[in-house]
Amino acid sequence: MLGISVLLAAQPPNRLTAQAVPASLRARAIAILKSVPLIDGHNDIPDAIHERGGLDSVNFAVSQPKLMTDIPRLRSGHVAAQFWAAYVPVTTMDSGGGTHSAVYALEQIDLIHRLCARNARAMAMAYTAADVQRNFAAGKVSCLIGIEGGHAIENSLGALRMFYRLGTRYMTLTHWRSLDWAVASTDTAHRGLSAFGKQVVLEMNRLGMLVDLSHVNDQTMSDALHTSRAPVIFSHSSARALTNHMRDVPDSILKLVAVNHGVVMVNFNPGFLSEAVRVYGDTVNARLDRLRAAGADSATRADSLKLWEAAAPHATLAQAADHIEHIRQICGVDCVGLGSDFDGITEVPVGLEDVSKFPDLIAELLRRGWTEADVKKVAGLNILRVMREAERVAAR
């Protein structure tokens, strides 16, 4: 591993540029996306807007060059439905840390509802698969809500039920920090769901809320897959066989997803798509740690970081397609979707810089020989199926 890191560090700056997509393939991709809704499983624009001062500080209806998402680019990317992440920082779990986790989640959900209402000509709330289809027919982007971080419920099934009534249709069981009842991917503990954690999963099934296993460790993934009576999702994760990142999904779990009939929505985070990017990032972090230990001041560290970042390798659109194909190979074409993580990531793959680029990814799958029927499943039909099944389980 060290040898790889040294080799990467010695390489000149990566000059990759996006390959031109053949016009005929892009036209085919757009035609497909006019016939079925493209659904993205995870976008962090609510928190990005919050960080910039709130809705009054960002006019979402016009181009926002410092963001990866706005209505003009959603239109250009033929995005029909978006799960907006109600992200809840793990620091809200700390005593004396300020806002309670549940209150923070409520504020994010409120922002999503207001964002949608303020842009009602282009967007509409959605709570069911039928809502998504209806909004698609009307030419509007569906706004769906997913809570990112199970600490938002503060160990209360009552809070979980109320979040569902406010429109939440998935919850990521953890974020970067473990809970009493579920373990995060960053944790080395060899445990998964507690008895209460299994209650949470079953209550989500009863409500019709999707169980999102992005961010949890392998044992929690396995426990949830064996507990859930409805298909689960990974709203923004990729394939660990291609990139050895703990946020990605190993083949052993992908095989369980196939049995569960869930869906893994591929994340565009470069460190999740490219092993070279992941390894190089780890190398840079180790160098920064050594500089801190040596007493280097913040200016020296910042200058060094700028030089190292300029020499970093880049992930590409083609690698995102590689992850989609690997997941199809292991658990079938019915179990893969798209979960960009736009506006929650600080770097982007070459060719997938913002939400306008989705047709280029669809075109790449067509270039590789995918049938239009299979492309439609990846674009949105798979997650629609999972939503319908979750609704059916809840009704039963």
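**Cavity, helix and fold**

By the rule used here, there is 1 cavity of 30 Å³ or more, a cavity being a set of points, on a 1 Å grid over the protein atoms alone, where a 1.4 Å probe fits but cannot get out, with grid points joined across faces, edges and corners and the volume being the space filled by probe spheres set on the points. This is a predicted model, in which local features need pLDDT of at least 70 and side-chain atom pairs count only at pLDDT 80 or more, while totals for chains, interfaces and linings use all residues. Residues are numbered from 1 along each chain as its sequence is written, and side-chain values use heavy atoms, leaving out hydrogens and water.

The largest cavity has a volume of about 50 Å³, and its lining (residues with an atom within 4 Å of a point) consists of Tyr127, Thr128, Arg169, Gly208, Leu210, Met387, Ala390 and Glu391. Helix α16, residues 372-395, gives the most to that lining, with 3 residues; helices here are DSSP runs of H or I of at least four residues, and strands are runs of E of at least two, numbered from the N terminus.

As for the whole protein, the secondary structure comes to 16 helices and 9 strands. The radius of gyration, taken over C-alpha atoms, is 20 Å, close to the 21 Å from the globule rule (2.2 Å times the number of residues to the power 0.38) for 396 residues, so the protein is as compact as a globular protein of that length. Its C-alpha atoms fill a box of roughly 60 × 55 × 45 Å along the principal axes.

Technical notes: On a 1 Å grid over the protein atoms alone, a cavity is a set of points where a 1.4 Å probe fits but cannot get out, and a pocket is an open set with protein on both sides within 12 Å along at least five of seven lines; lining residues have an atom within 4 Å of a point.
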